[in-house]
Amino acid sequence: MPPKARNQPNYYRASLGLKDQIAPAVASDYHSPLVDWMRANGHRLDIANLSFRLAKEFGFCYGVDKAVDMAYEARAKFPDSRIILTYEIIHNPRVNARLREMGIEFLSGSLKSGLSLRDIGPEDVVLLPAFGVSSPELERLRATGCVLVDTTCGSVVHVWKRVERYARDGFTSLVHGKALHAETIATVSQAQKRGGHSIVVRDREQAQVVCDVITGRRPPEDVLAFGEPSFSKDFDPARHLEKIGVANQTTMLASESLEIARMVGAALEERWGREALPEHFRSFDTICSATQERQDAIVELVESGELDMMLIVGGYNSSNTGHLLEIASRHVPSYHICDSGEMLSAGRIRHKPLGAKEPVETEGWLPAADKPLTAGITAGASTPNRAIGETIERLLAIRGIPFDPAELTAS
Ligand code: SF4
C-alpha cells in the first residue's frame, strides 16, 4: 500500500500545492463554455430543427480531475526534470497527447517513448495513473529512488483495501472486471500481495461457469478456460472457490456487478448451506459513485422517450464509456465516438459498436436535414467537456445549421 503520509519529499499522493497556478491551463485545454452554458440552462440546446439533450452527469469524474491536475502540477513543480508516466494517465487520447506535448514521456502504451524501468533514477519524476499500478511495479519504481507522483483515484484504493482484507481473511477475491485492464491488474495484485488468490470474471456468462463449478454442476477445470491472466498463480479451482469475496472494477456496469454478486452468493449458499454462508461469502459493491451517477443519468435520458439517437463521447479503450453505450443502445440508435472528427459527414460516421474491438464506419446514420432530430449526448468519465462541445458544434455544422457558440454564451 502507499505510505500513509499524504505528501513526503519524494512521494506525492495529493495536490502538489500548485492548483491555482495550473487552473488556467487546464481550463483552456479541456473546458467548454458551450457545455457550461447547457449545464446552466436545463442541459438542452435547441437550434432550428436540431435539439440536444445533455445527460445530467457526464465527463470528467473527481478521480480524473485530480489526476489531470496532479500531472499539470508536477510539470509546473519540476520544470527541469524528466517526467515519466507509467501508462496512459486516463483512457483519453486527447489528454494523453497533451501530456506528451508538455514533455511527459510514457513508459508503456501506444505513446511509449522507448524508456524502460532500468533508465529511471532518483532525478526522475514518475507519475502513476488514475487507475494505479500493480504492487510489484510500485515496488520496482520505489527501488529506483525516483520522485513518485501517485494520482491513483481514492475509489480504486478503496477496492484495494477491500480485496486485501479478503486475502487476509483467507477469501479468494472474485473481481468482476476485465483481466487486462490496468485497474484490475492493480487490484488483483493487491489481493495476491500476501499469497492470496484471485479470479477475474468478465461477465454473467463467466460468473455462471464459476457458480456451476461451486455447485458441482461442472468440473473445476472448466474455470481454467478463462485463460491465464484471469487467475492468481497456482490457482486451484477445486480449493480456491470455497471462500469468495466479490469486488469489481470501479467502472463496470453496476447492474451486472450486483447480479454477479447475487449469483455467487446463491451458489455458495447451495454448496454450504445458509447458516455457513458468512464463512464462505462476502461481497462489497465497489462501483465508484461517478460511474454509478453517469450510468443513472444515461438511463434517465434514454428512457425519456425524447431521443432519436444518442452520442457517447470517450476513448475507445475506456471501460466506463463502453458501458454507457451498452445502456443507451438498448433504447435508441447509439454511437460511441472518440471525438467530433469521427462524424465524417452527414452520411458517414466512424464509431465503435457494442462489443466490437475496433471502430467501424456506418453509412446513413443521420436522418435527412429537413427532418427534426433530437440527439442525446454524454461522455465517459475520462472525456473533457471540450470534446462534448466540439461534438455539438460538428453536428450542427454537418446539418448546415449556422451556429456561433460565442453569441450563445455571451447572452
Ligand atoms: S471512474 Fe471512478 S474510480 Fe475511475 S477515476 Fe473516476 S472516480 Fe475514480
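How many bridges join strand β11 to β12? The first close-up has the answer, after a word on the model.

This is a predicted model, where local features need pLDDT of at least 70, side-chain atom pairs count only at pLDDT 80 or more, and totals for chains, interfaces and linings use all residues. Residues are numbered from 1 along each chain as its sequence is written, and side-chain values use heavy atoms, with hydrogens and water left out.

**View 1. An open sheet of 4 strands, in the order β10-β9-β11-β12, with parallel pairing.** Strands here are DSSP runs of E with at least two residues, helices are runs of H or I with at least four, and both are numbered from the N terminus. Two strands pair if DSSP finds at least two bridges between them. β10 (198-201) and β12 (281-283) sit at the edges with a single partner strand each, so one side of each has no neighbour in the sheet. Now for that opening question: 3 bridges join β11 (residues 244-248) to β12, and the two run parallel. Look for G245, whose bridge partner in β12 is R282.

**View 2. Helix α11 (residues 289-302) packs with helix α12 (residues 319-328).** Who meets whom? R294, Q295, I298, V299 and V302 in α11 meet H323, L324, I327 and A328 in α12, where contact means heavy atoms within 4.5 Å.

**View 3. Strand β15 (residues 348-351) has two faces.** In a regular strand, side chains alternate between the two faces of the sheet. In β15, I349 and H351 are on the covered face, while R348 and R350 are on the uncovered one. H351 stands opposite V360 in β16.

**View 4. L311 lies in strand β13 (residues 309-313).** At 0% relative accessibility, L311 counts as buried, a word for under 20% relative accessible area (1.4 Å probe, protein chains only). Leaving aside neighbours within four places in sequence, its contacts include Y335, M343, I349 and W365. L311 and F52 are 259 residues apart in sequence, yet 9.9 Å apart in space, C-alpha to C-alpha.

Technical notes:
Axes fitted to C-alpha atoms, helices over the stretch in contact; angles between N-to-C directions. Buried < 20%, exposed > 50% of the residue type's maximum accessible area, 1.4 Å probe, protein only.
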